[in-house]
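Please look at the sequence and the structure before reading on.

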Amino acid sequence: QVQLVESGGGLVQAGGSLRLSCAASGRTFSDYIMGWFRQAPGKEREFVASIRWSGGSRYYADSVKGRFTISSDNARNTVYLQMNSLKPEDTAVYYCGALKPGTIVPAYWGQGTQVTVSS
């Protein structure tokens with residue numbers, strides 16, 4: 001059974017930091033692209049960042065460039081999202097997703113973790 005389990009969300013003041021984790025299990029994801037997405041209340045889910053398990057090829061939404069960093073630990077099958085200089089507009093449920101190469105919609109999703117940034 002494929003599972004993506006996010007953790008690390010919480011409440012933080014503007015300017016603060018959080019690190020999200022996504023632990024993957026149930027199959028080999030080495031050929032997948034791992035991504036972080038977020039959905040704020042009343043808005044559509046949007047792309048935040050992505051990385052290849054095989055290394056390199058990191059991409060970020062313009063809104064988070066220079067503040068967020070995506071990384072992976074292949075030995076732990078875990079992907080991280082380090083979020084610095086958080087803003088109230090970063091408030092959302094953050095989801096981890098596993099994408100097959102050449103696709104834009106994840107084949108697998110985590111359950112999401114809430115990030116709330118207070119002003």
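Pro 106 sits in the loop between strand 9 and strand 10 (108–109); strands here are DSSP runs of type E with at least two residues, numbered from the N terminus. This is a predicted model, in which local features need pLDDT of at least 70 and side-chain atom pairs count only at pLDDT 80 or more, while totals for chains, interfaces and linings use all residues. Residues are numbered from 1 along each chain as its sequence is written, and side-chain values use heavy atoms, with hydrogens and water left out.

With a relative accessible area of 8%, Pro 106 is buried. Buried means under 20% relative accessible area, exposed over 50%, and partly exposed in between (1.4 Å probe, protein chains only). Leaving aside residues up to four places away in sequence, Pro 106 touches Phe 37, Gly 97, Ala 98 and Leu 99, where contact means heavy atoms within 4.5 Å. Between the C-alpha atoms of Pro 106 and Ser 21, which are 85 residues apart along the chain, the separation is 17 Å.

Four strands form an open sheet in the order 1-3-8-7, with antiparallel pairing. Two strands pair if DSSP finds at least two bridges between them. Strand 1 (3–7) and strand 7 (68–73) are at the edges with a single partner strand each, so one side of each has no neighbour in the sheet. From one strand to the next, the twist averages 15 degrees; the axes are lines fitted to C-alpha atoms, and angles run from 0 to 180 degrees between N-to-C directions. Strand 1 and strand 3 (residues 18–25) run antiparallel and are joined by five bridges. Opposite Glu 6 stands Cys 22 in strand 3.

## Salt bridges

The whole structure contains six salt bridges. A salt bridge is a side-chain nitrogen of Lys or Arg within 4 Å of a carboxyl oxygen of Asp or Glu. The table gives some of them.

| Pair | N to O distance |
|---|---|
| Arg 38 and Asp 90 | 2.9 Å |
| Asp 62 and Lys 65 | 3.2 Å |
| Asp 73 and Arg 76 | 3.3 Å |

Salt bridges with shared partners join Arg 38, Glu 46, Arg 67 and Asp 90 into one network.

Arg 38 is buried at 7% relative accessibility, and Asp 90 is buried at 1%. Asp 62, by contrast, is exposed at 65%.
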